[in-house]
Amino acid sequence: MIQSTFKKIFGSKNEREIKKLYPLVDQINSLYEEYQNLSEEEIKNKTVEFKERLENGETVDDILPEAFAVVKDTCRRLKGTSWKVAGRETAWDMVPFDVQLIGAIILHQGKIAEMATGEGKTLVATLPLYLNALEGKGAHLITVNDYLAQRDSEWVGQVLRYLGLTVGVILNDMTPEQRKVAYGCDVTYGTNNEFGFDYLRDNMASTEENIVQMRGHHYAIVDEVDSVLIDEARTPLIISGPVSVSTHKYNEMKPLVDRLVTQQNRLVNHLIQEGNALINDSKEREGARKLLLAEKGAPKNKRLMKLYQDPSIKKLVQTVENDYLRDKGQNKTSDEHYFGELYYIVDEKSHTIDLTENGRECLNPADPDMFLLPDMGDEVATIENDETLDESQKLAKKDEVYQIINERGEKLQNISQLLRAYSLYEKDQEYVVQDGKVLIVDEFTGRILAGRRYSDGLHQAIEAKENVKIERETQTLATITLQNYFRMYDKLSGMTGTAETEAAEFWEIYKLDVMVIPTNKPITRYDWEDLLYRTKREKYNAIVNEVEEMHKLGRPVLVGTVTVEVSETLSRMFKRRGLKHNVLNAKQHKSEAEIVAQAGERGAITIATNMAGRGTDIKLDPSVLKAGDPEKDIPGGLHVIGTERHESRRIDRQLRGRSGRQGDPGSTVFYLSLEDDLMRLFGSERVAGIMQRLGAEEGEVITHKMMTRSIGKAQKKVEGRNFSIRKRLIDYDDVMNQQRTVIYDRRRVALSGEDPSIEMGNILDEYVDATCRSFIDPNGHTEEWDLDALESEVQKVAFTDFKTIREEIHSYTFDDLKEAVKKALLAIYRIKEERMGRERMAVLERYFILRVIDAEWKDHLYQMDMLKEGIHLRAYGQKDPLIEYKREAYGLFENLIHSINEKTLNWLIGKLQVEEPQPLNRAEQRKQSFKMVHEASTNMGYSGAQVGGETDIQKASKERSNKQQPVRVEKTAKPNDPCPCGSGKKYKKCHGALV
């Protein structure tokens, strides 16, 4: 109450912040009036003047009013002229409104501007782009697809060119040379994927000339910022290369899982029949338990969905489930005990599937040990303590245990993913099959996500399910999340029509404030209450009736759907009614802009999957503005129908925002049913109770504010869960990001034009210090020092004689020892440097530093992938997987740095001969086999898509065993420490020998 009163008196925080900007807007407009008297040459010369003032110490904030006024005046001067945009002659007719100036100021301040659809966000961005590009460090505009990037660079980019700035665009099919030119421009347009992949490729470059993002990351505006930084950010960018040997068992496991799924479906149908009969016999409790079992076995079963059309049955089952959850919380029961009749348990909310004992027996009754994974530590300790085995036999036994664990683990993972593919992923909803390939459909836009694959083998499981070619696994060579990529910018801002609901996430992850900009004209759109039906069939019939009625009035209608399947179902129903319409979904994405552009014509009917066509305005034919029916309170303009509520309120707001742009009339309404996924999973119990109390009959619609609030709470619940997933992803990637920063910094130093001998000195210092500490106790007496082990280790780098060191060891301190070892290695290095010459040696140093870093980093990423895939299992041992991941990742990274240093020195001191090095463009040739994917990550592990043909990467991977070895770094032991397995041996003589 107090907060409400305070807000009424003083306004909201957003309103107060916007109010502060109006004096600045008045100043811009005053200058704008003044600049209209300048000649064309004088207005263009302002750019040169601004750059000089910035060089002389002024800041961009100081010149903001003048710079914005110059851009506004340029827009006025260009009015009435035309130029080609996306191949079509387009006339310029825009001059920024006051609210657009406010939006531009917000973007310059490094915040998110929420502006309604049709308010001219594309024009708004030109003002802060111009201002920040004046510093000469580059300004980037990130869009959601190539079409919009090219369109905007040609359309509003003309304003920037008029003022003397250069404008570039990054497109998917561009060469590195073209990209370098585009990044060298004052303003660069492109997609989030292209910017991210260019960053990764730059950090795989073999020469400084091959780097395209030379100026770093100064300022960026992200268009559709919620789509890029929220929706897209759940999945990392990955550059991957093919592995040499495919180890998956999907073809072998598919018949077993097929049989298991068939038996589960039979059981579920039997349970539904029994449950219904028991409820009819007044044995509600027993019947509801049977139906709950059926729901856990096949939540999308059509017979079950039909029964749940009766709200009383749904409520009864929910009561039984609540009792079970209470007992489970009090440790009175477990999933296995309660649902043991099933073969596997499906949890739709958490997207997981668990095999029961019944399922394990059904899958492989002849091999009960198939589901038992031996404990590696126990097995190795047993082998080490077996005195009947010699060293070679022990190694053979260890290899055998590794092989058993690897084969069983691979089979179990394949079975798990196949069950998920069959039970949780439906064709034409989560994915489509085209040209013999499984293609992911973006749940937010309905577009096909070209080049993306589900991770952890799930994509291969779906390929097996759909009987298409199972693509081979790939290995990660470079990866980064969009969160960490965009957090590299010195100043980041964004614009969208819907960001307010995700304001907390924007602040927590990116430290970005969200400011809601008022519309230029008041919104006159009418948003009707949601209409709820019992079944999807009733809902679809009602939608068709409404579309037909609006079509007769001449109003254009946009029908927003969540899946491809619903789009096609409604399309068939419209055809039967003789309603001519356009369908825009993942199967027609190429004609997206054209279809959306026609959606505002008189009587037009468009079915679009969610926000397909985003970024393209629906401009209304003037005749439809008055095409409503005042007697029935039906306004004119575009009518938007949502076929169900999305799990994110933001997506619903995006759909609504397509209607009522720039003060146009319009209306929106959402049609819901108890069978919708959101209602079924998160909101049905409360809503079913409301419908039961109101006595809803077949075909009867319910509208109630309490129902709308319940749906809103369900959406908030899902949004919270999705935020947790994204937060967890970045928590894990932050660990990788710290490592990535160190490695990429070392590469940049090696690539720079400076003499690499300084870096060589650092590498030698690091190596000597780490090696000496591994074998020598700095505080121990010299008699206790293991010089034999130290000498053996150092000779891996180069053959050195420890004779002098042994003779004088009694007088050495630990620092003296390090200096002596360094001096011995340096002496060999100086001899080779003298023979080679400093200039030639610098070329070799740079080459081998890069070669070793790239090879070791690739193997490190492989180990990190293995670690991610299984780390979540630590939770079963009451350990936090994230803490475990951080601990083990640190140990792996320590090993990586030491290995890089050792192998670099080995090449330059030990192996180097007087001969020509391999050509430096070798790495560039290898890149032809790389695959760039924006991965759909379902867990913490990443995988990619296949690239055909054997390459250097494949040949290199043959050096490893054909079987993937489990990554275990329970303790980061030093070579001289006792081995953690308990064998009593030193780590270097036991498990250290296997690393």
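Predicted model: local features only at pLDDT ≥ 70, side-chain atom pairs only at ≥ 80, totals over all residues.

Me: Why is His639 called buried?
Reply: Buried means under 20% relative accessible area. His639 has 0%, so the label holds. His639 sits in strand S21, residues 638-642.

Me: What is in contact with His639, leaving aside its neighbours within four places in sequence?
Reply: The list includes Trp528, Glu546, Met550, Arg555 and Pro556. Ser667, Thr668 and Val669 are also on it.

Me: What makes the pair of His639 and Ser667 a polar contact?
Reply: The cut-off for the N or O atoms is 3.5 Å. The two side chains come to 2.7 Å, so the pair falls within it.

Me: Why does Thr207 count as buried at 18%?
Reply: The limit is under 20%, and 18% is under it, so Thr207 is buried. Thr207 lies in the loop between helix H10 (192-202) and strand S7 (219-223). Its side chain makes a polar contact of 2.9 Å with the side chain of Asn210.

Me: How far apart are Thr207 and Ser752, in sequence and in space?
Reply: In sequence, 545 residues separate them. In space, C-alpha to C-alpha, the distance is 8.5 Å.

Me: Why are S11 and S12 said to pair?
Reply: Pairing needs at least two bridges. Strand S11 (residues 431-434) and strand S12 (residues 437-440) have four, so they pair, in the antiparallel sense. Val433 stands opposite Val438 in S12. The two strands form a hairpin with two residues between them. In the turn, Asp435 has a positive phi of about 55°.

Me: How do you know that S1 and S2 pair?
Reply: The test is again at least two bridges. Strand S1 (residues 82-85) and strand S2 (residues 88-91) have four, so they pass; the sense is antiparallel. Trp83 stands opposite Thr90 in S2. Their hairpin has two residues between the strands, and Ala86 takes a positive phi near 55°.

Me: What is the strand order in the open sheet of seven strands?
Reply: The order is S5-S6-S4-S7-S14-S3-S15, with parallel pairing.

Me: What makes S5 and S15 edge strands?
Reply: Strand S5 (167-169) and strand S15 (514-516) each have a single partner strand, so one side of each has no neighbour in the sheet. From one strand to the next, the twist averages 20°.

Me: How do you know that S4 and S6 pair?
Reply: Five bridges join strand S4 (residues 139-143) to strand S6 (residues 187-191), and at least two are needed, so the pair counts. The two strands run parallel. The bridge partner of His140 in S6 is Thr188.

Me: Which residues have the most contacts inside the largest nonpolar core?
Reply: They are Phe486, Phe506, Leu790, Leu817, Val821 and Leu825. The core has 95 residues. Helix H33 (residues 838-871) gives the largest share, 13 residues. A second, separate core of 61 residues includes Val99, Ala149, Leu171 and Met515.

Me: What does Leu790 touch, not counting residues up to four places away in sequence?
Reply: Leu790 touches Thr771, Cys772, Phe775, Ile776, Phe802, Leu817 and Val821.

Me: What makes helix H30 mostly covered?
Reply: Six of the eight residues of H30 (residues 787-794) are buried. They are Leu787, Ala789, Leu790, Glu791, Glu793 and Val794. The cover includes helix H29 (757-775), helix H31 (803-808), helix H32 (814-836) and helix H34 (881-911).

Conventions: Residues numbered from 1 in each chain as written. Heavy atoms only, no water. Axes fitted to C-alpha atoms, helices over the stretch in contact; angles between N-to-C directions. Buried < 20%, exposed > 50% of the residue type's maximum accessible area, 1.4 Å probe, protein only. Polar contact = N/O pair within 3.5 Å; in protein donor to acceptor, adjacent residues only side chain to side chain. Contact = heavy atoms within 4.5 Å. Core = buried A, V, L, I, M, F, W, Y, C linked by side-chain atoms within 4.5 Å.
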